[in-house]
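Take a look at the model below.

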2 protein chains.
Amino acid sequence: MTYTPPIRDQAFLLREVLEIDRYANLPGFSEAAGEVLDQILEGAGQFAAEVLAPLNPVGDKQGCAWSPDHSVKTPDGFAEAYRQLVEGGWMALGAEPAYGGQGLPHVVYMAFSEVMSGANMAFGMYPGLTHGAYSAIRVGGTEAQKQLYLPKLASGQWCGTMNLTEPHCGTDLGLIRTKAVPQPDGSYRITGQKIWISGGEHDMAENIVHLVLARIEGAPAGTRGISLFVVPKFIPDADGNPGERNSVFCAGLEEKMGIHGNATCVMQHEGATGWLVGEENRGLQVMFVMMNEARIGVGLQAIAQAEAAYQAAAAFSKERLQMRSLTGPKNPDGPADPIIVHPDVRRMLMDSRAIVEGGRAFLFWTALHGDLSHVSPEEDVRRKGADYMALLTPVVKGFLTDRGFKACSDALQVHGGSGFTEHFPASQYVRDTRITMIYEGTNGIQALDLVGRKLAAEGGRAAMTFFAEIDAFVAAHDDRADLAPFVGPLAEAKAQLQEATMWLMQNGLVNPENAGAASTDYLQLFGLTALAYMWALSAKAALAKIAAGETDPFYQTKVTLARYYMERILPESGAHLAKLKTGAEVMMSLPAEAF
Amino acid sequence: MTYTPPIRDQAFLLREVLEIDRYANLPGFSEAAGEVLDQILEGAGQFAAEVLAPLNPVGDKQGCAWSPDHSVKTPDGFAEAYRQLVEGGWMALGAEPAYGGQGLPHVVYMAFSEVMSGANMAFGMYPGLTHGAYSAIRVGGTEAQKQLYLPKLASGQWCGTMNLTEPHCGTDLGLIRTKAVPQPDGSYRITGQKIWISGGEHDMAENIVHLVLARIEGAPAGTRGISLFVVPKFIPDADGNPGERNSVFCAGLEEKMGIHGNATCVMQHEGATGWLVGEENRGLQVMFVMMNEARIGVGLQAIAQAEAAYQAAAAFSKERLQMRSLTGPKNPDGPADPIIVHPDVRRMLMDSRAIVEGGRAFLFWTALHGDLSHVSPEEDVRRKGADYMALLTPVVKGFLTDRGFKACSDALQVHGGSGFTEHFPASQYVRDTRITMIYEGTNGIQALDLVGRKLAAEGGRAAMTFFAEIDAFVAAHDDRADLAPFVGPLAEAKAQLQEATMWLMQNGLVNPENAGAASTDYLQLFGLTALAYMWALSAKAALAKIAAGETDPFYQTKVTLARYYMERILPESGAHLAKLKTGAEVMMSLPAEAF
């Protein structure tokens, strides 16, 4: 089992679909132009394939081990791989130069992040959460906090975590009980139990920086009384080096279905010393900066894993000999044909590929808008970028994790009985990826965020802008015969999405449960339409290359996959529209006792 | 975590939908009339809930243990539970009186089989395969073989297995290499390796009867040279008791994603003594009797597991307090509302329920036709029963396992993060159920069997009969206003299925890859339509009760679920039709190197 980093497709997206060279005059983008980009993609891919991928089954089988002294041992090889990650400067790719980072656009960092998650999702979570902690302190921290923590987090010398969940609350953070008592020196004493803390304790870094949600004594009830604190495992001394051991301990590890290589910790804060990040009682605002970034990252994990699972399935389908092709032997000298000749095997591979490549395009396209929201000199581009990031984050997270998991399950199915055994990698991809539909906000929460908050924001400006962009694309390419197989279905899907949006506006206000009942189907319809747009953009870019005489079969494959998406995946949009328009009445009519 | 056997729904289906009392004059059915049926359902449910369900997590966590002496220890409690199963006479329910069985209709045996699989799927596989071995010998064995083996298998005193798969062939049984050498005494020496043999070795019964596919020396190549043998672990002595140890050994166990409580064995036949079952070179015919029965049983496993997973999710959703209802607090004195108030949680529960109860109806309805194919005095009823069994077996297996797995995954999702931890049962249901989409013929093979073999058999007689039955139901109830929400959608789905069937007839012959490319979507469309029919039948039965003054809310719940199915699941039919009509061209156009 080998993992091949999808460098070719990443470069195609960045260069030929997104044309990031257009932005070479903007901060960060200039650092990722030309051959530098190739070097980054290739180096990242090599590190992922050679260092991280071989540790993936090791992590699954060994898991992490907790000791009564509250230490946690990560699987063999993880600590050494992490050391290489830090030394290679990979962590610093996406951090600001002011804190020792390379300041590359987030869209380029995502390419690295993808191959890390594709090669070893459980490993990738340690740096992933560290990046999240970096972002939270960058957004909410004081200048002193930034100077103290950001360089260490940017390089990866220290790791970071998010301490949100408590036994009685995950989604409903207003119920948090962990308390913070102000001390005369300006610090706080934090006391409470946090659960499901990914990377809460481990042996890979000299310090671990916990970002902890807690309630300051006397704070208002609910979400308006939650503050954010930074609680380092070792309190930095005057020189900024790890000093005194703080009173935050790992009390045990969770047994999980997957991501065994990541330590999922019960964390006890026993009067731990913490410092406020951002304003009192406004901790959720800062945490949501971190959370939104994490949600895009989770969509990326699912697509990265689906790519890896697809690769395993494709390799298996070319090696495994079983039955003959329906149109006569394709491997006449062998005892049977490779199973890739069978249409139903092909269907699963094509489905996965259309989701993986369309999903990657959607991730990169969205991330580019996120970059532009920060660095574009044009106000309307910055505003559009911010609108899109807000609107599309729940779609990226919800749609891509649902579909990524399905792709992993299809990859297992291609393996037949072998897929169910742990001798092949397929089971691990399914078990690991399943969490992406849940953490950083379940997909149901994503759907509610989309219909209840994002759609309505600024009078629906973001969605209207997105619809208008698709309309403009359709109008501009209406007369292109070669694009007809893509433009027509895209226009139809967008019309259905608009109809669904109208239905929501008319019926969600009358009865909010109509919006709740429609939310998941609406998110699916949105995701299907977004990927149709991505495939239309990709097909256009590929056709341009072909028209210019390019003979690399990569481009024809792209066009074929775009057609497949339109023919074999997009037709699901009509079912989602039909379902959501039935409203909440029947769905909600049974009393709870009937369940 | 408790498992509540769905006795009420089983009784509703048997009595009020299928009206099995109509057949009380037929062999077997007379034994299951009136209160006897209640006693069977209740006794089976009690055994499943009290004895088997508590062992389900034990089996998952302990798994089976292989020893170098080739013995296998099942999880704690399994052997004792099996003893109780045999002593309680449960195994004998569905076997013929001639061999010590109770001769009950298979549809009643299925009710028992469901609760066994729902409570503990890994355990249920041991008796399930024993029943399969019983059927193979009953169909293919000599009178002496029947007298020797059937009473022991009927009671469960001995267990049975199917030895089909070899490392290089699972689906493609024509490649089997295990060889059988005739001996002067009429027996054969069997040599070869079989893999993935469920229950191949264990400590629960005094003997294990392997049914083994092998090739007699000099037999023709391919599937026409495969014979079936009975290879007992201990060769029966003159009195029919276990005697000399045969040369068939378990060489190891498979590590698997789920069903850890079932021993999945590598079996070495080292010149083992076996006896031919049925004719030389016609082993697959007998094996397929066993296999078809097993396929229905696998569909049942998936629905049984989905029921159990749904129960766990429903219980969790009523206990877990998180966020407030969109229409205002429903649990104002608590810190938050139970999550069942949220529409998207309700959606998952309703989806699962509609699939579980519709799927159970489809299983029982199909099984009743199987019974009638054997015992009806009317030739046309017998023929229709046999036609339906053949036609619907791949639909039952493929559709119900796909949807049952989805329901288990939804049940995990309702649990949120808890579902991903192994402290809750949700993960085990997902991991265990995943195999149902694979074993006894992958779902892709089911789809090919449906479009390539079953549809065309006898000039399409079975499908035309099924379509005509739905047409007749629609015509007979067209004027019933209370049935309009069910009859209309059913008619529409059936029209789509018929359109798909026409498309297959027109395009599958031109290019068989069109049939292959359409097969899975066709199977899904068939399953959706079949469940629509089941829900229409169920709604009709429930409405009749309500009209007669019955106030048990069970009936109104049934009608609501039927409406939900029509509104929220059946609309998928259109997408499957649209997809399959795109044919094989794009799906098959990439060369293998492009993957």
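This is a predicted model: local features need pLDDT of at least 70, side-chain atom pairs count only at pLDDT 80 or more; totals for chains, interfaces and linings use all residues.

Residues are numbered from 1 along each chain as its sequence is written, chains are lettered from A and ligands numbered from 1 in the order in which they are written, and side-chain values use heavy atoms, with hydrogens and water left out.

Start with the interface. The size of an interface is often given as the accessible area lost when the parts come together. Here chain B and chain A bury about 8000 Å² between them. Buried area is the accessible area (1.4 Å probe) that two parts lose on being put together, summed over both. Carbon and sulfur atoms give 62% of that area. Chain A puts 89 residues into the contact, and chain B puts in 89 residues. Contact means heavy atoms within 4.5 Å. Which three residues supply more of chain B's buried area than any other three? They are Phe420(B), Arg568(B) and Phe595(B), with 12% of the area that chain B buries against chain A.

Helices pack across this interface. Helices (H or I, at least four residues) and strands (E, at least two) are DSSP runs, numbered from the N terminus. Helix 16 (residues 512-547) of chain A packs on helix 9 (residues 343-375) of chain B at an angle of about 55°, and their axes are 8 Å apart. Helix 16 of chain A is therefore oblique to helix 9 of chain B. Axes are lines fitted to C-alpha atoms, for helices over the stretch in contact, and angles run from 0 to 180 degrees between N-to-C directions. Angles under 35 degrees count as roughly parallel, over 145 as roughly antiparallel, 65 to 115 as roughly perpendicular and the rest as oblique. The crossing of helix 16 of chain A and helix 9 of chain B is right-handed. A crossing is right-handed if the near helix is turned clockwise from the far one by less than a right angle, and left-handed if anticlockwise. Helix 16 of chain A contributes Glu513(A), Gly516(A), Ala517(A), Ser519(A) and Thr520(A), and helix 9 of chain B contributes Pro343(B), Asp344(B) and Arg347(B).

Salt bridges also join the chains. Side chains of opposite charge can pair when their charged atoms come close. A salt bridge is a side-chain nitrogen of Lys or Arg within 4 Å of a carboxyl oxygen of Asp or Glu. Between chain B and chain A there are 4. Asp521(B) and Arg568(A) form a salt bridge at 3.2 Å, N to O. The whole structure holds 67 salt bridges over all chains. Within chain B, Asp9(B) meets Lys558(B) at 2.5 Å, N to O. Asp9(B) lies in helix 1 (residues 7-17) of chain B and Lys558(B) in helix 17 (residues 553-569) of chain B, so the pair ties together parts 549 residues apart in sequence.

Now turn to packing inside each chain. In chain A, helix 15 (residues 484-508) and helix 18 (residues 572-580) pack at about 15°, with axes 10 Å apart. Helix 15 of chain A and helix 18 of chain A are therefore roughly parallel. Their crossing is left-handed. In chain B, helix 5 (residues 106-119) and helix 6 (residues 121-140) pack at about 150°, with axes 6 Å apart. That makes helix 5 of chain B roughly antiparallel to helix 6 of chain B.

Finally, check the backbone. Asn281(A) is not a glycine, yet has a positive phi of about 65°. Asn281(A) sits in the loop between strand 11 (264-277) and helix 8 (283-319) of chain A. Glu440(B), also not a glycine, has a positive phi of about 60°.
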